[in-house]
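Hello,

Here is the structure we talked about handing over. My notes on it follow below.

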Amino acid sequence: MITQTELLTKKGEHIQQMFGSIARVYDLLNTLLSFNFDKIWRRFAVKVSNITPDAKVLDVCTGTGDLAIAYSKVLNSSGKVIGSDFCHEMVKLADHKFRKKNLSGKIEVLGADTLHLPFHDNYFQVSAVAFGIRNVSDLKAGIAEMVRITAPGGRVVILEFSQPTNPLFKAIYYFYFKKILPLIGKLISRSKYNAYSYLPSSVLNFPDRYGLKILMEYCMLEDVKIYTRTLGIVTVHIGKKPGN
Ligand SMILES: C[S@@+](CC[C@H](N)C(=O)[O-])C[C@H]1O[C@@H](n2cnc3c(N)ncnc32)[C@H](O)[C@@H]1O
């Protein structure tokens, strides 16, 4: 049995097992626990990515593929999205979803570790991640890998949970996030890894929005912009790879 402390070290195989254990209820719980805001947040991340309709986009840690789908909606037939994830159960569900929505021509899914992406340098106009980079064992190396496969002048986009700024709202939200959400998550997912207790703990252990900006700059991104949404529950960071 993997403990919460072990999970927070984010060893790849533990993270894979944990997400594998909740894959089948992942979408349902996203909708339920975020009051459907998750879709709005992903659409916002796509909007501010400002991509051309023929772009090649990589969505790492794609899970069940919802960010990849949101990108596919702004692309024309020359554009392409690839979703990658190292959790077999998630990849299977994403593939099934893309086929069901007749998106197979526009989106592909593949099993890959974000720390070792099977693409050559400078390949994509945008590399993006939603609620995923927090789970990668080496955050800096994960961002650096996203930067590597992005073309000069392209963008690296990170949508992630963050900490609300208003103290009153923060207190109410944290009560929900730390106490209620893990309970509902546990009841519905029945995950033996307590994935929905890991969620708030991993968010609280993640760099704040300014820390993440500094890390992105350290990974050679420039002009890093920060967009906070829904009173700071989530933040989108976008950085430009130098060149062009
Ligand atoms: C919280 S889910 C996010 C899924 C999706 N991006 C979304 O917007 O809902 C995190 C995903 O990251 C994946 N993941 C975590 N670490 C990874 C790594 N090193 N390489 C590839 N995928 C990883 C997990 O398997 C999981 O599917």
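Helix 2 gives the most to the shell around the ligand, three residues (helices are DSSP runs of H or I, at least four residues, and strands runs of E, at least two, both numbered from the N terminus). This is a predicted model, in which local features need pLDDT of at least 70 and side-chain atom pairs count only at pLDDT 80 or more, while totals for chains, interfaces and linings use all residues. Residues are numbered from 1 along each chain as its sequence is written.

Ligand shell: 20 residues surround the ligand, with Cys61, Gly63, Phe86, Cys87 and Ala130 the closest (near means a C-beta atom, placed from the backbone, within 6 Å). Helix 2 (12-22) and helix 5 (66-72) each supply at least two residues of this shell.

Core: the largest nonpolar core has 67 residues, of which Ala45, Val57, Val157 and Leu159 touch the most other members. Such a core is a set of buried Ala, Val, Leu, Ile, Met, Phe, Trp, Tyr and Cys residues joined through C-beta atoms within 7 Å; buried means 20 or more other C-beta atoms within 10 Å of the residue's own, placed from the backbone.

Helix 7 (residues 139-148) has Gly142, Ile143, Glu145, Met146 and Val147 as its buried residues. These pack against strand 1 (56-60), strand 4 (124-130), strand 5 (150-161) and helix 10 (209-218), with contact meaning C-beta atoms, placed from the backbone, within 7 Å.

Overall: the chain has ten helices and seven strands, and buried residues make up 41% of its 244 residues.

Regards

Terms used. Buried ≥ 20, exposed ≤ 12 C-beta atoms within 10 Å, placed from the backbone. Contact = placed C-beta atoms within 7 Å.
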